[in-house]
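Work through the following exercises with the sequence and the structure side by side. Try each task before you read its solution.

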Amino acid sequence: MTKREILHLHNRFGFGLLHSQVEKLYGLSNVALVNRLIKSSEETSQLVLDLSYLAEFKGRELDVDTKKLLRDKLKNSSLELNHLWVKQMVTTEAALRERMTLFWHGHFACMIRNGLYDLKQNSALRTHALGNFRTLLIEVSKSAGMINYLNTRQNTKQAPNENFARELMELFTIGRDNYTENDIKEAARSFTGWNHLSDGSFKFKSKKHDFGVKTFFGKTGNWKGEDIIDILLSDRRTADFLASKLYFYFVSDVVNKSHIQEISEQLFSSNYDILSTVRLIMLSDWFYTKEILGKKIKSPIDLIVGLAKQCYLNIEEKKSVIAIQRQLGQELLAPPNVAGWPGGKRWIDSSSLLFRIKLASMILNDGNIAWNEKGDMAEDMLMMTSGRKTKRSHKGFKISVNKKALENAYLGMEIDEIAGHLISTKLSSSAREVMNKSNNTIIGKLSAILSLPEFQMS
Amino acid sequence: MERRDFLKLSALASSSLLVPSFLKGMENINLKGSGYKHLVIIQLSGGNDGLNTVIPFSQSEYYRLRPSVGITGAKVLKLTQDLGLNPALKGMRALYDNSELCILNSVGYPNPNRSHFRSMDIWHTGSNSNEYWTSGWLGRYMDSSCSNTYNVVEIDKTLSLALKGNQKNALAFTNTSDFYKGTREAYMKKLVEKASSENLGEDNLGYLYKTLIDTSSSATFLHDKTKTYTSKQAYPRNKLAQKLKTSAELINSGVETKVHYMSHSGFDTHAFQQQKQGNLLKQYDEAITAFVKDLKENGTFNDTLILTFSEFGRRVKENGSKGTDHGTANNLFVIGGNLNKAGFYNSAPDLLSLDGNGDLIHQLDFRQVYATVIEKWLGADSKKVLGKDFQSLNFL
């Protein structure tokens, strides 16, 4: 594999490689590299969030103010989890699992703002990220986060709520226009009684469940939630839908029906085994063609994690890490709605593009990044300390750089060589001309490279 | 004239190659009317409490449910026998007296969602509450009826979903001078100047370069058009007033910015509401007063329509912290010089008939308001923008 192909594989299915890592992997075959990626993700390293304060609230009657205090603490924990997650993306060795966890977070998009429920859901995504899709789907559907977000707990025999049933079909499995309104009603009845306890564990409340006969997709029985999921998975259109989502996310914005069919076939014939399906993509010839290499627009998370890693940024400050995500339009644990981030060209508008282009040089040159929060709501304050809101700074934020590590990493490298490592696409002669006018320090070279629109591509 | 200037600038900035690709996809543009009217939209973020904005002081239920949050009758700026304004809204009362304000009561949508994010999403996209759309209503208006990027602008650092279309996106900036400076930094300038056909392909990278060049041309164009104009009007120092000042500069300079979007934040008043909301409404009132005066002095008020909304109203019954929780339907202000119907558009919400949650039931769908301004003010096809027909209202 060429160095560019090695980087491509690790950019799309991981979070990139340092220059020194590429050198080490150079010479390995496609199969060897893929096996190495898979092997390094065998273990699941869970995020570790300190929720010990929950003990103080346990088993006692809470008054209004105490409830609010607890809610605020849990919201703050959710922001902390975001920060921990970004840090893990930057440092992890298990890059494939980390990437898949992020993919599934976009697929099962929930905004909960509750650190406990966020953590539990993230753990389910992480544990089953490369496992079986049926298990993943059931675990996520039973997570307190999903049960809250899509009103499953309000879904009872007496008063069915269709929110979860509808999104299960439209967004998680078979895709829109493949079911009837009656299928939604019958599915909703089958999920009645799904609830959770205050510690976030699943609880089936049989008194709330409708044990009657339901007809779903033309099949009649005393269906429960799991049965509905099995009927959906037995329909090939579910595999097609997931395959096109995988293709869009990992491969290209431009639909290629035969490649998507290949992915769908693998998914369906393996009973929805995720690992063998992504393996197929990583090993296909078409994944390494010039129509695919460097043709996707980086997501904000890709951009942030990539910069932090390649430029040795100090991302210990939670506030800055979250502020950048908001400014760029992708905040982990806070997707715009249950459909997730639309991605592709939708990341880009005039203001987000200018910010993207200037971001690296602002950081590298110790600039202050102006920031004020839009739509600020008491519910969603960025800065909270021990549950109490502090006054937000409107002055902006700074991110520092470990300059020593940075100098070492790119020591003695010419600008073309650094660009070859950091830019995923071919540089046009004009881009090269603009870039080459930079000053000759490491910071100067990096600023020039990272400010090119080409750096926005993956 | 303007359009030609703009194309000339684009051409200069980008080697004339760019122009044909911009003109592509414009066949569907519907230039019906092609009027020169401005729509200014102000979003009150956080869920403004409508019942303490327009106060139903004649309903004893209001005071029964809001013993500490309710505003006493003596303080209310009474407009009719039933309804009056928050004491902070003195300028609004003057507009009301001049027949330049129309208040729409109980605007909302079926199966309301009480989450800020979801409800704002619904207002921005114009979807039903069980649909998830990725484009905004003003973005789709751009797709269908605008030929220049600067026709729709948000006065802010980032662009809201409302202004993102399927093919086009609006511009976002806090003022034209900073916007211009931001695109004229040496490196950015070089990237734009050196860009050639090699950079402007049909793939994603080409899209980035085109967006960059278009942004740069638009910033230059807006800067050139507004730099000679200085407002004589004194504006308050609050943020909304500064945004409206930028807006007035664009309007009074004769730029064809058809839609201006901005937000005023902090309305999530779960605790100690009276003072917090009072301050925010006072800022709003003073900002609008200065803005209207500025437009009137420049003879542009009659070409401008100002719409103010919030993602939801708040619960009728107060909570235990001298505040209110998230609710549903809300009132909406329309300000303009040529209203077909001024004053109250419809009757006050009936506090004795609430939904199961103790919230107001909507009388008007917000998309009827959208359809009305799209058809009657912007002169575009509302069905194309909103996806289906909504019966328009007659405040215009």
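**Exercise 1.** What percentage of the contacts in chain B with a separation of 6 or more is accounted for by residues 24 or more positions apart?

*Solution.* This is a predicted model, in which local features need pLDDT of at least 70 and side-chain atom pairs count only at pLDDT 80 or more, while totals for chains, interfaces and linings use all residues. Residues are numbered from 1 along each chain as its sequence is written, and chains are lettered from A and ligands numbered from 1 in the order in which they are written. Two residues are in contact if their C-beta atoms, placed from the backbone, lie within 7 Å. Among the contacts of chain B with a separation of 6 or more, 72% join residues 24 or more positions apart.

**Exercise 2.** Describe the overall build of chain B.

*Solution.* Begin with the secondary structure: chain B has 13 helices and twelve strands, where helices (H or I, at least four residues) and strands (E, at least two) are DSSP runs numbered from the N terminus. Next, the radius of gyration, taken over C-alpha atoms, is 22 Å for chain B, close to the 21 Å that the globule rule (2.2 Å times the number of residues to the power 0.38) gives for 396 residues, so chain B is as compact as a globular protein of that length. The C-alpha trace of chain B spans about 70 × 45 × 40 Å along its principal axes.

**Exercise 3.** Which residues of helix α11(A) are buried, and what do they pack against?

*Solution.* A residue is buried if 20 or more other C-beta atoms, placed from the backbone, lie within 10 Å of its own. In α11 (residues 181-190) of chain A, seven of the ten residues are buried, and the helix is mostly covered. The buried residues are D183(A), I184(A), E186(A), A187(A), A188(A), R189(A) and S190(A), and they pack against α10 (163-172), β3 (214-216) and α12 (225-233) of chain A.

**Exercise 4.** At what angle do the axes of α16(A) and α17(A) cross, and which residues meet there?

*Solution.* The axes, lines fitted to C-alpha atoms over the stretch in contact, with angles from 0 to 180 degrees between N-to-C directions, come within 9 Å and cross at roughly 140 degrees for α16 (residues 300-310) and α17 (residues 318-328) of chain A. Angles under 35 degrees count as roughly parallel, over 145 as roughly antiparallel, 65 to 115 as roughly perpendicular and the rest as oblique, which makes α16(A) oblique to α17(A). In this contact, P300(A), L303(A) and I304(A) of α16(A) meet I324(A), Q325(A) and L328(A) of α17(A).

Key: A residue is buried if 20 or more other C-beta atoms lie within 10 Å of its own, exposed if 12 or fewer, and partly exposed in between; C-beta atoms are placed from the backbone.
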